[in-house]
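Hi,

Here is the structure we talked about handing over.

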Amino acid sequence: MKFRLVALAFSSAFDLSSASAVTKFQGWGEDEYYGKAVFLKFTKAGHCTKNDLVWEELAKSFADNEDFVFAELECDDSNELCDAHNLDSYPTYKYGDPDYSMGTYEGPMDLESLKKFTSENLPLRCSFYALKWCNAKELALIENLREMTVAERRSQIEIMTNALLKSIEPKLIHLNKKLRAAKKIELDAEEKLEEAEEEGELAKIKTAEDELKVAEDAVTFHEDRKDYEEYMLHMEGPLEISLMEGIEDEIRIEKQRIAHQGVTFHT
């Protein structure tokens, strides 16, 4: 009996499923991740699990921080998020905002190294709409930008945006080139299918349909990749641009609110 009680106590101490600080990742666009920094572990059945206890301890050590989320996602052939990250080994650890940008953690897997990395790198980029991620210097910058006139801010937004676009132009050209090539293959596949249908040979039609499906999937992939890369290139630009745009949005919304309140309804 004594041995049984000891065994039960030991097993419960390492039963991570009963009171785990690591959550099951729910997917893109979920409200529970809005404005939060996510440290996400991608797993797959049959792959290494030797760091599970360390991962759990890491999550527990930041359990009091409501802005950090530690989650796991088991990958399979139907998981879009796993496919989007082009994973080639498991487990893989990603951090950041799952709806926008995630970096890859490739450092040591001891607890102290992970805790240090989490404290220094998991916080998201300062945003006008999430001031909790802004440090004192960035908050002071926002106040300085507020003091500018509307004309000054808009002028600076235009100047800095044009400079950013010029700096990322080679990357955008490369992305557009890949997309055009994929669309050319798709067009050729469509023509091949039309020819096969005119000939009426079922085997050729089936082959042409399969090739067209592959080509269509490739176009979709490159379109999504282009949109994502363009967004990331802009996000990695000067912080001042997004902060000034946020201030302009705030002013516009306030004007709309005041105008709405001043409307007189006649009956």
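Below is what turned up among the charged side chains.

First, the ground rules: this is a predicted model, so local features need pLDDT of at least 70 and side-chain atom pairs count only at pLDDT 80 or more, while totals for chains, interfaces and linings use all residues. Residues are numbered from 1 along each chain as its sequence is written, and side-chain values use heavy atoms, with hydrogens and water left out.

The structure has 18 salt bridges, a salt bridge being a side-chain nitrogen of Lys or Arg within 4 Å of a carboxyl oxygen of Asp or Glu.

One of them pairs D188 with K184, with 2.9 Å between the closest N and O atoms. Both sit in helix α6 (residues 150-199), four residues apart, which puts about one helical turn between them. Helices here are DSSP runs (H or I, at least four residues), numbered from the N terminus. D188 is partly exposed at 35% relative accessibility, and so is K184 at 45%; partly exposed lies between buried (under 20% relative accessible area) and exposed (over 50%), using a 1.4 Å probe and protein chains only.

D249 and R252 also meet in a salt bridge, at 3.5 Å from N to O. They are three residues apart in helix α8 (residues 239-261), again about one helical turn. D249 comes out at 29% and R252 at 40%.

Then there is E199 with K204, where the closest N and O atoms are 3.1 Å apart. E199 is partly exposed at 46%, as is K204 at 41%.

Finally, check out K41, D52 and E72, which salt bridges link into a network.

Cheers

Methods: Helix = DSSP H or I, 4+ residues; strand = E, 2+ residues; numbered from the N terminus.
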